Structures are given as C-alpha cells and as structure tokens.
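I opened this entry to keep a record of what I looked up in the model, starting with charged pairs and then turning to a helix and a loop residue.

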Amino acid sequence: MDPTTDNAASSDGARSSLESLRTEISKAVVGQDPAVTGLVVALLCRGHVLLEGVPGVAKTLLVRALAASLELDTKRVQFTPDLMPSDVTGSLVYDARSTEFSFQPGPVFTNLLLADEINRTPPKTQSSLLEAMEERQVTVDGTPRPLPEPFLVAATQNPVEYEGTYPLPEAQLDRFLLKLTVPLPSREDEINVVKRHAEGFNPRDLRAAGVRPVAGPADLDAARAAVAKTTVSPEITAYVVDICRATRESPSLTLGVSPRGATALLSTARAWAWLTGRDYVIPDDVKALALPALRHRVQLRPEAEMEGVTADSVINAILAHVPVPR
C-alpha cells in the first residue's frame, strides 16, 4: 500500500473517532459543544485549558466525560486555601521498613487533570502546576519525573465570586492555550438536563449513562501528526500576527497579546482546520479560535472595564478591522 494513502486513511479514521466524541459526551453533558471542541483542540495542540463558568454548569462532568470517551486516566484536585504544592505534585515518603525515601506521585500524574477552582489556592500552589504544564515533568528532590502522555490540565474558575480568591497572574494565564467559557444552558437544554435527572441520570456513573471509549491515544497520535502537516500560507501567518499586534495598539487595553499568543492562535487554527476536514488553514479558522485563544492574554484598562468593555468585544472589534487575506 502507498504510504501516502495509508497516512490519509489513518488521518481520516482519527478524525472520525474524534468527531464521535461529541455524540458520546452528549450522553452526559447537554449543549456544551463549543467547550467540547475546545478541549479536543487543546489535546491536539498539547495545550491546557481554563474553563470559566458559574457553579453547576457541568464543567467537572465535561472533563470526566471527555476522559471516559477517550479511555484516558483522569484525576480531580479541589483547590483550597490550605492546599500545598506537594498535594498536587507528590512528595518523598519515608518507608520505615526499607529505611529509605520513596516518591509518592501526586494527582498531577494523570492524563487529564481537573484543577477545580484554581483561583482559590495561593500563588505558591498555583505555580506548582507551572512546571508540569510547561515542561510536562515534576522535579522533586532534584529528580525530574516525566508525566504521562497525553497530559492536559483543565482548570476551572468561577467568574462571579472573587472573595477569598487569588487571581491568576498574567504570566500563568499565558500558559493556558485556551480560555473557554461554559455558559448557562438555553431553556430547551435546561429542560433536557432536568428531564434526564428525573429519569435517573447519575453524573457520578458515566458508564450507566452509556458513555463508552470511542477514541484513544493512538487516534490522538495520528491526529496530531495530521495537524502538523496542515498547510499554513504566508498570508494566514501574517493575518495572525496582524491581529495580535492590533491588540497591543488598542486604546482599551493595557496589555496586548504576546508572540506566544500568536503561536497559540495559529496552532489552534490548524487543529480546527483539520477537524473540519481541510488540510489547509483559511481566515475563518483563525476567526473561530481568536476569542478562546486570546481573551485571557489581554488586560483591559480600568476605565474601559467601567464602561462595560470586555476582552471579547475588543477582540471582535479587531477582527472586524484587520484586513482579511484573499
């Protein structure tokens, strides 16, 4: 068989498997397709996700359903003010029988780590995730220990309750590939949610809900290889750079998007292009990922914030004014 044909078949099979994730996750989560797609894009780009939404909109269930559909290991950490870095990364434990110290892995040693309410823990513990997120390893007592592959951190935060919280600094926000908003469901979706619970749906038992693995690490590997081959024209690259540079000149912002943000926008646009069945990126792919890739990388001026300006409205205005390549 021609290797090119074989690779194409592998790519198509991986795309089909990842597309079926939406159907599988919908057995547990109603009406959050954009968040599901964002999580899949982050997995394809080896990035991490910040999920923002009020309590009770299924942020935790979404991550658990994704892990179950992908046959991946998942762990959850509830971030609290008294959580220590070692509670996340692990620590050396003394064994009296062997009179030696052994490493006890923390919950970060998993495929999908749900960092629940990450802004409720002090900066020291928040920063303990930085090495894990960036280097994909944990160093304890001078010894680096690699994390499993794939590895994704999905951190949640509540956008309306700030008392007793520690807002993530810009440098740490920049480590997240995407910031996804998980909105309240529509009336129809909320009726479906309540109806499911009335019929006996148990969010703690996904297997009983019919959620089954429909893809695995091999599909992710094939998909990542295909995404890496997705063509990006010089015009698209310049378009991404122009969008990011425009944020640095916006009168509503004190902080614009860094070059890391530009690379994040380009990589996620490539993943989205491949997911939609193309092997090349078009401007619409860039526009589709601009908000989740950039909204957490900009900082509003206080006076703009008081006038009701949001990061999303600034980015949308920039998208409307930056010339689109033909």
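**Salt bridges**

I first looked up Arg 46 and Glu 149, whose side chains meet in a salt bridge at 3.8 Å, N to O; the term stands for a side-chain nitrogen of Lys or Arg within 4 Å of a carboxyl oxygen of Asp or Glu. Arg 46 lies in the loop between helix 2 (33-44) and strand 1 (49-52) and Glu 149 in the loop between strand 7 (143-146) and strand 8 (152-157), so the pair ties together parts that are 103 residues apart in sequence. Helices (H or I, at least four residues) and strands (E, at least two) are DSSP runs, numbered from the N terminus. I note that this is a predicted model, in which local features need pLDDT of at least 70 and side-chain atom pairs count only at pLDDT 80 or more, while totals for chains, interfaces and linings use all residues. Residues are numbered from 1 along each chain as its sequence is written, and side-chain values use heavy atoms, with hydrogens and water left out.

Arg 46 is partly exposed, with a relative accessible area of 43%, and Glu 149 is partly exposed at 42%; buried means under 20% relative accessible area, exposed over 50%, and partly exposed in between (1.4 Å probe, protein chains only). I also found Arg 46, Glu 149 and Arg 224 linked in a network of salt bridges, and a search of the whole structure gave 13 salt bridges.

Next I checked Asp 116, which forms a salt bridge with Arg 76, the closest N and O atoms being 2.9 Å apart. This pair links distant parts of the chain, with Asp 116 in strand 5 (residues 112-116) and Arg 76 in strand 2 (residues 74-78), 40 residues apart. Asp 116 is buried, with a relative accessible area of 7%, whereas Arg 76 counts as partly exposed at 47%.

**Helix 9**

I listed the buried residues of helix 9 as Ile 236, Tyr 239, Val 240, Ile 243, Cys 244 and Thr 247. Seen down the axis of helix 9, they fall within an arc of 125 degrees (taken from the directions from the helix axis to the C-beta atoms), so they line one face of the helix.

**Arg 295**

I placed Arg 295 in the loop between helix 11 and strand 11 (299-300), where Arg 295 is buried, with a relative accessible area of 11%. Leaving aside neighbours within four places in sequence, Arg 295 is in contact (heavy atoms within 4.5 Å) with residues including Lys 179, Thr 181 and Asp 312.
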